[in-house]
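Visitor: Please pick one part of this model and go through it closely, with the cut-offs stated.

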Amino acid sequence: MSKTNYVDTVLEIVKKRNGNEPEFLQAVQEVLGSLRPVIADHPEFEETNLLERLVEPERQIIFRVPWQDDHGKMRVNRGMRIEFNSALGPYKGGLRFHPSVYIGIIKFLGFEQIFKNSLTGLMMGGGKGGSDFNPKGKSDSEVMRFCQSFMTELARHIGADTDVPAGDIGVGGREIGFMFGQYKRLTRKFEGVLTGKGLSYGGSLVRTEATGYGTVYFCNEMLKEQGQSFDGKTVLVSGSGNVAIYAHQKATELGAKVVAMSDSGGFVYDANGINLDTIQQLKEVQRLRIHEYTKQHPSAKYTEGFTGIWSIPCDIALPCATENELDGEAAAALIKNKCIAVAEGANMPCTPDAVHNFIAAGVSFGPGKAANAGGVATSGLEMAQNSQRMSWTFEETDQKLHQIMVNAYNVSKQAADQYGTPGNLVNGANIAGFMKVANAMLAHGLV
Ligand code: NDP
């Protein structure tokens, strides 16, 4: 097999084996595409079939989650955990509860997580899990019964030194609390088996804010490269969940004005700047739809459909909602409006077309696996604090998060330079993340 064909050959294998999982194929294609010059430079990767091993999860666990609703009706959902790669440490990655969840989504997220965790510089392998359960419209009791049932099976597969899940879409502090309680009850262990815990029982300060803050820290490094900053800039933030809210907060703290936010129904535009207190009240406390915003801010405008947000003129775009929410057309609109930087707070929110358009137009582009690594990085810091039976102050933890994001930017930039695509942080993040994992896998022998 010639060196130049090795990547294509592996991609063919992945397509054959996972043909019905488009999100997973998309993620593998992007990463392996970036690795071509690295593979050419390092024949040992082909000689040891390293890529074939890398794209195959170490373990996939799929299980039944039976639970009872408030009317006494028995329900069932599908639960899963993909333990993708443990070369750098215990499997680490969130749990997603959303009706769209199926194995292909969890595999794409788990695969991305391997490189993201590597970029944090902490000792964490890659994993992901979740369920097609929809927490929306369920009572607290229903969510609790679901979480307890989910954990009844998951508990036998995870542990503080084995696999440490966290939250993701649909899994916040409430769900983590219910799952932690059930784990403790089943195993009689009070250990750092989940991250994103409440502060009173082992959570870390800054974890709630970490992904949004980290995305803004990363974007700030991209802006510095252009001699720019957030100060005085107009920003669009899609989504209005955990990542979006704290991206808004940090961008505003750095002097920017966030003029639009969205949910899966539509987006609100407020030329005066989106009032974050209102969004937090609506989303974190009342769990309402974003269109309610206009009731308190009549000058703001609500538009149905989530893609229109990208046609609003801005300097910086932070997609913080979900995968493939910003397509080639949306990217073209942002470019036309002279947007100078895009950083992905969500996982793979930009389609391949959109990414291509940004890079071709010279827009600074921060890929999710680097730009949103702050969440898992702070989860890693939570694990460190749990191991020490200590908790650090907000400032200390935030400083560590900031440093991790600056490092993630620097290693991505350096790798992009070294392998001939200066400024291309997609290639840089993929290569830098990969090299560490690949070298650890080589050191471990045939695993
Ligand atoms: P949340 O569940 O807190 O929020 C998700 C938000 O996105 C909600 O406002 C949701 O609206 C909105 N949304 C969903 N689909 C769309 C859509 N098509 N268009 C516009 N808005 C939409 O999740 P998180 O904030 O935690 O996660 C967001 C993204 O960030 C995900 O891709 C996740 O994987 C990624 N991420 C999260 C990390 C974390 O620490 N939380 C870490 C790293 C990455 P609605 O209420 O209508 O569904």
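**Ligand site and domain interface**

Guide: A polar side-chain atom of Arg289 lies 2.6 Å from an oxygen atom of the ligand. The model is predicted: local features need pLDDT of at least 70 and side-chain atom pairs pLDDT 80 or more, while totals for chains, interfaces and linings use all residues. Residues are numbered from 1 along each chain as its sequence is written, and side-chain values use heavy atoms, without hydrogens and water.

Around the ligand there are 24 residues (a heavy atom within 4 Å); Lys136, Asp168, Thr211, Ser264 and Arg289 come nearest.

The domain assignment (automatic or from a database) gives domain 1 as 59-190 and domain 2 as 210-366. Their C-alpha centres lie 27 Å apart. In contact (heavy atoms within 4.5 Å) are 10 residues of domain 1 and eight of domain 2. About 650 Å² is buried between the two domains, 42% of it from carbon and sulfur atoms; this is accessible area (1.4 Å probe) lost when the parts are put together, summed over both.

One salt bridge crosses this interface, taking a Lys or Arg side-chain nitrogen within 4 Å of an Asp or Glu carboxyl oxygen. Glu323 and Arg96 form a salt bridge, with the closest N and O atoms 3.0 Å apart. By class, the side of domain 1 that touches domain 2 has four nonpolar residues (Ala, Val, Leu, Ile, Met, Phe, Trp, Tyr, Cys, Pro), six charged (Asp, Glu, Lys, Arg) and no polar ones (the others, Gly among them).

Terms used. Polar contact = N/O pair within 3.5 Å; in protein donor to acceptor, adjacent residues only side chain to side chain.
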